[in-house]
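Let's take a walk through this structure together, one part at a time. Have the sequence and the 3D view ready as you read.

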Amino acid sequence: RLRLTITQAPLEQHTSLPAEIPLSLDAIIGISAWQLDETAQRTLLQLSVFPAKPYSFSEEAALAVSAASEETLDVLVDAGFLESVGCGRYTLHRTIMDFARARLHDSSADERMVEYFTSYVEMHQTDYDALEHETDNVLAVLEIAFRRGMHSELIRGVTAFSPFLGARGWDELAEIHLKRAQQAAQIEDSKLLTFRLS
């Protein structure tokens, strides 16, 4: 949907686009993104690892994942890329997230997000109100850790988060993640055994 183009008559050509570039949502968002400074552009790309609106994330998580400053987040809010949803939380519109994620070629934001929320769940594993606010982010992190083979973080996250899932009655979801954590533990045990034998 970002790259769907609109045919324009010569007199209707968007003034910010070169004539050879067709009008699309991707191009229009790009015009605004190119006006951001380099730090804000990089921060926008890194924030695209979070689940899109209607889900939200805390300022603390945004700063940890993007390694940016509060001032840079303010720049993104003022430019309309990042939406403040109150109580120190932000959200990214799905279209903005798609635009940014398509340009994110650095895995460090994924890794910082996994580490941040793994530690968060461990620190708050008995504070179900805190976990309730971050459930969608934690589930996204468990998926990232599983896909990227981050076994240690997956095991830590699932171990700390599965009691909350069980308490909420999400037994099937808990079982999926517990099986993944078990597989990750078996892989790590196998690696350790191979290392000792070599």
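In this predicted model, strand E3 pairs with strand E5, which covers residues 89–91, in the antiparallel sense, and two bridges join them. As a general rule, strands of a sheet pair through backbone hydrogen bonds, either parallel or antiparallel.

Now step back to the whole sheet. It is open and has three strands in the order E3-E5-E4, with antiparallel pairing. E3 (57–58) and E4 (83–84) stand at the edges with a single partner strand each, so one side of each is left without a neighbour in the sheet.

Next, have a look at helix H3, residues 59–66, where the buried residues are Ala61, Ala62, Val65 and Ser66. Seen down the axis of H3, these fall within an arc of 110°, so they line one face of the helix. What do the buried residues of H3 pack against? Their neighbours are helix H2 (38–47), strand E3, helix H4 (70–78) and helix H6 (108–123). After H3 comes Ala67, which has a positive phi, near 55°.

Our last stop is Phe164, in helix H8, which spans residues 151–167. Is Phe164 buried or exposed? Its relative accessible area is 0%, and the cut-off for buried is under 20%, so Phe164 is buried. Leaving aside residues up to four places away in sequence, Phe164 touches Tyr128, Leu131, Glu132, Thr135 and Trp170. Take Leu131: Phe164 and Leu131 are 33 residues apart in sequence, while their C-alpha atoms are 7.7 Å apart in space.

Terms used. Residues are numbered from 1 along each chain as its sequence is written. This is a predicted model: local features need pLDDT of at least 70, side-chain atom pairs count only at pLDDT 80 or more; totals for chains, interfaces and linings use all residues. Side-chain values use heavy atoms; hydrogens and water are left out. Two strands pair if DSSP finds at least two bridges between them. Helices (H or I, at least four residues) and strands (E, at least two) are DSSP runs, numbered from the N terminus. Buried means under 20% relative accessible area, exposed over 50%, partly exposed in between (1.4 Å probe, protein chains only). Contact means heavy atoms within 4.5 Å. The arc is that of the directions from the helix axis to the C-beta atoms.
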